[in-house]
Amino acid sequence: MPTHTMTIDGQAVKGSSTTGVINPATGQVFAEVPDCSKAELDLAMDAAQRAFPAWSRDFAARRKVLNDIAGALMQPPEGLARTLTMEQGKPLDKAAQEVMLTAMWCGYTASLDIPAEVLLDNEAGRIEVRRKPLGVVAAITPWNYPLMLAMWKIAPALLAGNTVVLKPSPFTPMSTLMLGEILRDIVPPGVLNVVSGGDGLGAMMTSHPVPRKISFTGSVETGKKVAAAAAPDLKRVTLELGGNDPAIVLADADLKEVAPKIFWGAFENSGQICSAIKRVYVPEEMYAPMMDILAEMARGVKVGDGLEAGTQLGPINNLPQFERVTELVEDARAHGAHIITGGERIGSEGYFFAPTIVGEISDGVRLVDEEQFGPALPVIPYKDVADVLRRANATHYGLSGSVWSRDPSRGAEVAAQLECGSAWVNQHLAIAPNLPFGGAKWSGIGVENGPWGLLSFTEIQVVNVAKN
């Protein structure tokens with residue numbers, strides 16, 4: 001049975017115990033990985049703390065390491081994408097794309113600078129605002145894009161001069177452990193430590209006395225626990241949490257043009273994206289034709305094992321999430337919603353769920369109000385724009401949203417009224433390494449990516465020099 005090792009202080013660590021990894025296409029355990037103990041976590045934290053002083057002093061060396069990481073991932077080991085597919089479920093071509101995006105994110109981050117700001121420089125004195133690293137960063141990543149979202153944390157944390165202890169989701173640990181193995185010969189010992197384990201390990205990391213920052217991507221519920229655990233030690237936090245993104249179609253939109261984009265904005269990665277479209281609002285007169293187009297697309301998508309040629313959508317990643325999506329669809333059905341297509345499990349093995357379009361549903365039903373994070377999309381008619389904006393914003397979530405219109409200016413005017421971190425017009429999932437990404441309300445604290453994300457791994461220091 002395949003296995004991989006943790007990386008602690010630059011060394012391979014098998015761990016004192018192991019835990020199984022399930023292939024979501026079969027529902028069966030196919031590998032074993034280390035289950036990090038408290039003692040092993042202490043070793044990783046200690047290694048990161050000891051490595052910090054030397055690592056934090058040389059910006060040029062840090063930039064070179066990041067460029068070397070990007071180069072290594074541009075030609076990754078052949079098994080990395082395959083392993084990602086087997087543990088996460090996504091089609092193999094999408095897994096390979098994630099590996100390339102991981103390299104791209106790292107390469108972009110390596111190009112950034114952290115300049116000092118000179119506020120005063122005259123005969124009397126000089127005042128600079130500098131950015132200093134925080135120390136050890138505890139990074140905890142989710143199961144939907146385990147490699148790319150790990151790099152969203154690794155690259156800026158390291159470039160800023162911090163050291164890192166990284167824990168992937170227990171549902172997708174193998175590709176991240178492989179990443180640690182690939183980088184052992186590139187990153188100095190102790191600078192990047194990769195450990196694996198369950199939710200208990202995450203709790204040990206967030207309450208551990210060594211880290212000065214926690215960077216977490218995951219659910220709102222767990223994000224609140226992370227924030228509470230960080231509070232007694234006043235650890236800095238970046239929390240990238242859930243979303244319930246609305247897509248608002250305006251009355252002038254060309255449905256034949258926008259409907260396919262909305263479909264893939266909702267169903268990419270089997271709907272398992274925090275910023276995917278989670279609910280669609282359509283003018284009443286356009287509701288029926290929109291439903292027809294979306295349902296036809298849903299019926300035509302090939303769902304299957306990500307290793308099979310031609311697969312467009314893989315399984316839901318894990319049993320708890322599969323059960324949640326099933327529960328939300330059944331709850332909608334019980335409240336009178338019409339399941340236009342899908343709404344049921346595919347096959348008897350694995351966690352396959354048919355792409356599902358749900359109509360005759362409105363606000364107040366859980367599938368609309370909550371984050372489904374799966375291949376089920378409610379479509380809701382509306383009468384006027386003011387009303388639909390009120391409904392779109394009537395949520396604790398505020399990650400992103402989109403507006404669709406033939407008139408980009410009108411679309412932008414409406415999008416600006418969405419209460420969310422990213423407001424898109426005639427597109428969705430337009431995420432790039434040079435753009436800040438974060439949410440309003442319960443969708444998170446702080447941002448990732450770009451210079452804004454980089455600076456979130458630093459602390460301000462004012463250096464105020466009197467010359468006379």
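Welcome to the tour. The chain you have open holds 15 helices and 20 strands, and the model is a predicted one.

**Stop 1: the whole chain**

Start with everything selected and turn the view slowly. Along its principal axes, the C-alpha trace spans about 75 × 60 × 40 Å. For a chain of 468 residues, a compact globule would have a radius of gyration near 23 Å, and this chain, at 23 Å, agrees with that. If you colour by accessibility, 54% of the 468 residues count as buried. Contacts tell you about the fold too: among those with a separation of 6 or more, 73% are between residues 24 or more positions apart.

**Stop 2: a pair of helices**

Now select residues 79-88, which are helix α3, and residues 174-183, which are helix α6. How do the two helices run relative to each other? Their axes come within 8 Å and cross at roughly 155°. Angles over 145 degrees count as roughly antiparallel, and α3 and α6 are therefore roughly antiparallel to each other.

Show the side chains where they touch. On the α3 side, pick Gly 79, Leu 80, Thr 83, Leu 84 and Glu 87; on the α6 side, pick Met 174, Ser 175, Met 178 and Ile 182.

**Stop 3**

Select residues 245-249 for β12 and residues 400-404 for β17: the two run parallel and are joined by 3 bridges.

**Stop 3: Ala 61**

Finish by selecting residues 59-74, helix α2, and find Ala 61 within that helix. Is Ala 61 buried, exposed or partly exposed? Ala 61 has a relative accessible area of 33%, which makes this residue partly exposed. Then draw a distance from Ala 61 to Thr 26: the two are 35 residues apart in sequence, and 44 Å apart in space, C-alpha to C-alpha.

Conventions. Residues numbered from 1 in each chain as written. Predicted model: local features only at pLDDT ≥ 70, side-chain atom pairs only at ≥ 80, totals over all residues. Heavy atoms only, no water. Axes fitted to C-alpha atoms, helices over the stretch in contact; angles between N-to-C directions. Helix = DSSP H or I, 4+ residues; strand = E, 2+ residues; numbered from the N terminus. Parallel < 35°, antiparallel > 145°, perpendicular 65-115°, else oblique. Contact = heavy atoms within 4.5 Å. Pairing = 2+ DSSP bridges. Rg over C-alpha atoms; globule rule 2.2 N^0.38 Å. Buried < 20%, exposed > 50% of the residue type's maximum accessible area, 1.4 Å probe, protein only.
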